[in-house]
Amino acid sequence: MGNSRAFLTINRKEAGYRPILERINDFGEVEQTLNSEDRVLQASRCMECGVPFCHWACPIGNSVPEWQDLLYKGRWQEAYNVLISTDSFPEFTGRICPALCEKSCVLNLENQPLTIRENEVAIVEYAFSEGYVVPRVPLYRSGKRVAIIGSGPAGLAVADMLNQKGHMVVVYEKDEYVGGLLRLGIPDFKLNKEIVERRLNILKMEGIEFKTRVEVGKDILVNKLLSEYDAICLAVGSGVPRDLPIKGRNLKGIHFALDFLKQQNRVVSGQIISSAEHISAKGKNVLVIGGGDTGSDCVGTSVRQKAAKVTQIEILPMPPEGVNAETPWPTYPNILKISSSHEEGCERRWSLVSKQFLGEEDKVTGVKVVEVEWIKNSKGCLTMKETGKVEIISAELVLLSMGFTQPVHEGLLDDLGVRYDIKGNVEAIKPSESSVRKVFVAGDVTSGASLVVRAIDSGRKAAEAINIFLR
Ligand code: FAD
């Protein structure tokens, strides 16, 4: 341990976001970076607690105190090596992880946790700039072939680890880009797509083959893959968005959040979308229904598209005082989180249930909402009761952002005949193994919609299970 008293004298310092008036005019990343000197000082604040709660809270078990200490001592390359021993893609998690580690940092008792996430991204970016991150082409090939279906963080983590173990890996992706939600869901202002492409280039150079625009179950039958490969890993995410089937749902101008966000990511990547297909917030009153992270990404995107006004409504109540606002999604209190997008201009409303979409001709003009009260029942569970207070919120664009219910069953999953759990996710009958022989699972398809860090963890575990199976 380098400086045992630094936490007493050095305060937490974040790099912060770019000024609002600047950042709302582009889709560049909002978060800035601290200089190396500041980073080293921030790392020195780690107390190296006897029981490192940060390590325990991190889904991939990052050895946080070890790399903080190396960073404090200026041993950046060693810090990088320790970091990648547990995290396949720290350049993603360092940017968009809700940092469960920081919530568990003992210094958080004083609301001054270590800047673990920002230190992580500083280490990996330093490693890239110094040329430490080079393709590691496996020296040995096992002769075994594995097909990964889906190229999100889970699929990429499985592919990376299995390739490093010498197996030949082919990743199938239905979209035109590799990367899953990292590439086409999460906006560029949170994660620049060059960062994703940079990692994909390395994975390709290491020998992983990517086949895009191939929807398994439609463009190619899964039975063909089963006969051609020694194992398959399903990493297709949680693709069914929660709908709001109330009166007026078929009016024009009501869209699922992900359709809106994917389109904007495509536009940022240079694609031209025809005006008939374009979902634009420009000059409109935008209503985002759903108070979570996807909703806040819709807020930031609408602001950048120059919406006239953005309102975000949430059915749950504003969490009571004392509830930790930073408790990460999908835990309920996270709806209190103020993201960079909320700072950019958005009215947030709570305890509202949507009853009807209103329209003129065939276009949406607003949503009728009713206020609800949340009352604790005898078991301590919150139950909802409408107060009768009705309101109309004007909106020419409504974005449904109420989460995802399950993976798409039709096609691939039904064709395979995998067993589903009670929520409709693919059941892992043993860790990472589906009910069908030689078919493994990783990420949101089995956990339900979750986090990038959990998808990476799940992918790493699936790769271990597949490697044992192949041997
Ligand atoms: P996905 O990333 O969903 O990837 C699945 C891939 O499989 C997709 O590319 C899909 O096209 C492909 N696919 C599906 N079916 C087929 C098929 N039949 N054949 C071929 N390919 C197929 N998490 C965070 O930690 N931080 C955040 O800031 C954050 N922001 C988010 C913002 C949004 C808008 C959304 C929707 C989610 C966000 N998340 C965030 C959650 C996170 O992105 C997901 O938990 C994570 O991407 C899940 O990874 P995955 O690999 O399981 O699935």
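User: In which loop is Asn-111 found?

Analyst: This is a predicted model, in which local features need pLDDT of at least 70 and side-chain atom pairs count only at pLDDT 80 or more, while totals for chains, interfaces and linings use all residues. Residues are numbered from 1 along each chain as its sequence is written. Helices (DSSP runs of H or I, at least four residues) and strands (runs of E, at least two) are numbered from the N terminus. Asn-111 is found in the loop between α8 (100-104) and α9 (116-129).

User: What is the phi of Arg-213, and where does Arg-213 lie?

Analyst: Arg-213 lies in the loop between β3 (209-211) and α13 (222-228). Arg-213 is a residue other than glycine with a positive phi, near 55°.

User: What radius of gyration does the protein have?

Analyst: The radius is taken over C-alpha atoms, and the globule rule is 2.2 Å times the number of residues to the power 0.38. For 471 residues, a compact globule would have a value near 23 Å, and the protein agrees, with 23 Å.

User: Which residues have the most contacts inside the largest nonpolar core?

Analyst: A nonpolar core is a set of buried Ala, Val, Leu, Ile, Met, Phe, Trp, Tyr and Cys residues joined through C-beta atoms within 7 Å. The largest such core has 85 residues, and those with the most contacts inside it are Ile-149, Val-158 and Cys-233.

User: Which helix gives the most to this core, and between which domains does the core lie?

Analyst: Helix α19 (residues 452-470) gives the most, with eight residues. Domain bounds come from an automatic or database domain assignment. Both domains give residues to this core, so the core lies between domain 1 (6-129) and domain 2 (145-239 + 405-470).

User: Which residues does Val-158 touch?

Analyst: Two residues are in contact if their C-beta atoms, placed from the backbone, lie within 7 Å. Not counting residues up to four places away in sequence, Val-158 touches Ile-148, Cys-233, Ala-235, Ala-442, Gly-459, Ala-462 and Ala-463.

User: How many residues are in the second, separate core?

Analyst: Among the members of this core are Ile-24, Leu-258, Ile-313 and Ala-395. The second core has 31 residues.

Key: A residue is buried if 20 or more other C-beta atoms lie within 10 Å of its own, exposed if 12 or fewer, and partly exposed in between; C-beta atoms are placed from the backbone.
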